[in-house]
Structure formats: structure tokens, C-alpha cells
Amino acid sequence: MAEKIGISEPALYRHFKNKAEIVRALIVQFEIDPVSMQEEYSGWELLKAFFAKRVEQVISEPHWANIIFSEELFIHDSEYSGVIREIMRKNQSMVMENLAVAMKRGEIRNDIAPEMVFRMTAGSLRLLIKQWGFSGESFDLREQSRILFQAWDRIWKMEK
């Protein structure tokens with residue numbers, strides 16, 4: 001990282017105490033503030049807008065996305081995994097709140113536990129992003145995520 005930005009590694013650590021602080025700074029740059037989105041969306045539409053914004057971030061900053069989505073490399077590093085856990089908990093809380101709203105409104109089915117809906121939606125998007133990255137960005141991630149979101153609608157929406 002230091003080489004990429006044109007400084008020495010010791011210079012990098014003059015600004016950060018350790019690797020976890022560097023990762024935290026990167027993650028903060030990559031975070032989405034769902035509160036601002038709540039003015040325009042709620043429930044199921046907020047979740048799709050949140051995930052669509054994540055896709056746009058990945059497309060515009062694929063190298064940052066590689067760092068953010070490489071947490072498996074650091075899973076046994078307590079400082080780093082704590083940073084990731086904190087972000088995941090915050091995002092999961094927002095998603096779960098809006099899943100509850102969507103279920104209560106009848107926007108999506110309510111016969112599957114919200115935790116499972118969260119895992120299936122977030123996990124499928126994460127897999128799509130990983131496939132895009134490992135393929136050398138060889139397909140249109142924006143289009144494929146749109147298709148994925150349509151599939152979510154077919155799976156999760158209530159039969160009319």
C-alpha cells in the first residue's frame with residue numbers, strides 16, 4: 001500500500017498505529033450511510049438501494065473492494081476481525097430492521113426467518129462480487145446485480 005501511494009512503509013505507520021487502524025480507515029471510506037438513504041427509501045426498496053450502492057462502490061473502487069472483501073486472510077487477527085465484525089453488525093442491524101419493516105408491510109414473505117433472508121441476499125451479492133473480481137472484471141457487474149435483484153424479488157415477494 002505504501003508503495004502504491006508513493007511513501008515508505010515507516011511513513012505509513014507514522015499515521016497509523018497498526019494494520020487494523022489502516023483497515024479501519026479504508027473501511028470507513030467504503031461505508032454507506034443508510035440514514036441518508038432512509039429519507040428516500042424504506043423496507044425492501046431501501047435494502048435493494050443499499051446493495052445497489054455497494055455494487056456501484058465496488059465498480060468505482062475495485063481495489064478497495066478487494067481489501068474490504070479479503071477478511072478471510074485476517075480472520076485470526078483479533079484487531080482486524082473486530083473492525084470487520086463491528087461493520088458487519090452495523091450493516092446487519094440496518095438490514096434486519098428493514099427486513100422487519102418489509103415483512104410487516106407485506107412487501108416480502110414473512111415465512112422465512114429474517115436472518116436467513118439476510119444471509120441469502122447478502123451472501124449471494126458477495127459471491128457475485130467475488131466472481132466478478134476473480135474473473136478479472138470480465139462481466140458487467142451492474143447488469144448481473146440487476147438480474148440478481150430481480151431474482152430476489154421473485155424469491156422474496158409475496159404471491160399476489
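Which helix is Val58 found in? Val58 sits in helix 5, residues 43-60. Hold on to that residue; we will come back to helix 5.

A word on the model. This is a predicted model. The protein has nine helices and zero strands. Along the sequence, that reads α-α-α-α-α-α-α-α-α. There are 160 residues, and 37% of them count as buried. Now take the contacts with a separation of 6 or more: 65% of them come from residues 24 or more positions apart.

Is Val58 buried or exposed? Its relative accessible area is 1%, and the cut-off for buried is under 20%, so Val58 is buried. Along the chain, Gly133 is 75 residues away from Val58, yet their C-alpha atoms are separated by 9.4 Å.

Next, helix 5 as a whole. It has 18 residues, which at 1.5 Å a residue should span 26 Å. Its end C-alpha atoms are 26 Å apart, so the two values agree. Its buried residues include Gly43, Trp44, Leu46 and Leu47. Lys48, Arg54 and Gln57 are also among them.

Now the rings. How many aromatic pairs does the structure hold? It holds four. One of them is Phe50 with Phe51, an edge-to-face pair. The centres are 5.6 Å apart, and the planes make 65°. Edge-to-face needs an angle over 60°, so this pair qualifies. Both partners are buried: Phe50 has 3% relative accessibility, and Phe51 has a relative accessible area of 8%. Ring pairs also build a cluster: Trp44, Phe50, Phe51, Phe149 and Trp152.

Two of those names take us to helix 9: Phe149 and Trp152 are buried there. Helix 9 covers residues 141-156. Its 16 residues should span 22 Å, and the end C-alpha atoms are 22 Å apart, which agrees. Leu141, Ser145, Leu148, Asp153 and Trp156 are also buried in this helix. Where do the buried residues of helix 9 fall, seen down the axis? They fall within an arc of 150°, so they line one face of the helix. The cover over them includes helix 5 and helix 8.

Ser145 gives a close-up of that cover. Ser145 belongs to helix 9. It is buried, at a relative accessible area of 4%. Setting aside neighbours within four places in sequence, Ser145 is in contact with Val55, Leu125 and Leu128. Val55 is on the buried list of helix 5, and Leu125 and Leu128 are on that of helix 8.

One detail at the start of helix 9. A side-chain oxygen of Asp140 comes within 3.1 Å of the backbone nitrogen of Arg142.

Last, helix 8, residues 114-134. It has 21 residues and reaches 30 Å from first C-alpha to last, close to the 30 Å expected. Besides Leu125 and Leu128, its buried residues are Val117, Phe118, Thr121, Ile129 and Trp132. They cover an arc of only 120° around the axis, which puts them on the same side of helix 8. Which exposed residues does the face turned away from that buried side carry? Arg119 and Phe134. After helix 8 comes Gly136, with a positive phi near 75°.

That's the tour. Over to you.

Technical notes: Residues numbered from 1 in each chain as written. Predicted model: local features only at pLDDT ≥ 70, side-chain atom pairs only at ≥ 80, totals over all residues. Heavy atoms only, no water. Helix = DSSP H or I, 4+ residues; strand = E, 2+ residues; numbered from the N terminus. Buried < 20%, exposed > 50% of the residue type's maximum accessible area, 1.4 Å probe, protein only. Contact = heavy atoms within 4.5 Å. Expected span 1.5 Å × (residues − 1). Arc of directions from axis to C-beta. Polar contact = N/O pair within 3.5 Å; in protein donor to acceptor, adjacent residues only side chain to side chain. Phe/Tyr/Trp six-rings, centres within 6.5 Å; stacked < 30°, edge-to-face > 60°.
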